[in-house]
Amino acid sequence: MESAEHDVKMRLLVAAKKLFSRQGFDGTTVRQICEEAGANVALVSYYFGGKDNMYRALFDMSFPESLLLEGEEAKQDPVKAIKLLIRKVIAYQANDPELVRLIQQESAQLTPRVAIVQKYLVPVWQMARDILEEGRHQGVFHFRSLDNTFLYVWGGILFPRDFGFFNPVIREPLPSTEEKIADVTRFVLGALGYNGDPEPETP
């Protein structure tokens, strides 16, 4: 019985993530989610207590805790840490584009659900800042403003190539995940003034 309930809950969350990412939270109804999941409409209230709680639950299900590196690892080797962070974030973008689109929607529109998204992202952001700060302290990264550098680096990692806005001037095909990891790693390390090996961290 527990396995069957778990299966229904997972189907509902997968359906919600799919529809939220395509239609937005406000543009998606509970009935649509249940139709997509093949579930009774009353089950959203029964399992989650409504659409808002379902939104929180899908982040609990989908957000990768693996993005957080060990603090001591970042302090000991900030170059390795930033390479690994770039790899983890870009690989996650490729593996779960629906949640990434959902995060982008909420952050761009500053919806009431931004606080939910920030709950998961702030620890990753703080870790990225700590890596950059430690790299500057060790003399391997060179920049003036930690805040500005964090924003530029994070934007460079996250900015989607395939969302179409720059299509009028884009000529090359979409890169593979490994190509994007390599390009972003080299670009970020160059921007940080790093003089060592710019190759990405191997998986």
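How far apart do the end C-alpha atoms of residues 29-48 lie, and what share of the span is helix or strand? The end C-alpha atoms are 14 Å apart. The span is 75% helix and 0% strand. This stretch carries a label in the record: an unreviewed UniProt entry annotates residues 29-48 as "DNA-binding region". The model discussed here is predicted.

**Helix packing**

Two packed helices are described by the angle between their axes and the distance between the axes. Helix 6 spans residues 78-95, and helix 7 spans residues 97-109. They pack at an angle of about 105°, with axes 5 Å apart. That angle makes helix 6 roughly perpendicular to helix 7, because angles of 65 to 115 degrees count as such. Helix 6 brings Y92, Q93, A94 and N95 to the contact. Helix 7 brings P97, L99 and V100. By class, the contact has five nonpolar residues, two polar residues and no charged residues.

**Salt bridges**

Side chains of opposite charge can pair when their charged atoms come close. A search of the whole structure finds eight salt bridges.

R129 is partly exposed, at 22% relative accessible area. D147 is also partly exposed, at 44%.

Now turn to R186. Which residues join R186 in a network of salt bridges? The network links D183, R186 and E199. R186 and D183 are three residues apart in helix 10 (residues 177-191), so about one helical turn separates them. The bridge from R186 to E199 reaches beyond that helix: E199 lies in the segment after helix 10. This pair therefore ties together parts that are 13 residues apart in sequence.

D183 is partly exposed at 47%. E199 is partly exposed too, with a relative accessible area of 35%. Each value falls in the partly exposed class because buried means under 20% and exposed means over 50%.

Technical notes. Residues numbered from 1 in each chain as written. Predicted model: local features only at pLDDT ≥ 70, side-chain atom pairs only at ≥ 80, totals over all residues. Heavy atoms only, no water. Axes fitted to C-alpha atoms, helices over the stretch in contact; angles between N-to-C directions. Helix = DSSP H or I, 4+ residues; strand = E, 2+ residues; numbered from the N terminus. Parallel < 35°, antiparallel > 145°, perpendicular 65-115°, else oblique. Contact = heavy atoms within 4.5 Å. Nonpolar A, V, L, I, M, F, W, Y, C, P; charged D, E, K, R; others polar. UniProt positions renumbered as here; feature names shortened; annotations may be inferred. Salt bridge = Lys/Arg side-chain N within 4 Å of Asp/Glu carboxyl O. Buried < 20%, exposed > 50% of the residue type's maximum accessible area, 1.4 Å probe, protein only.
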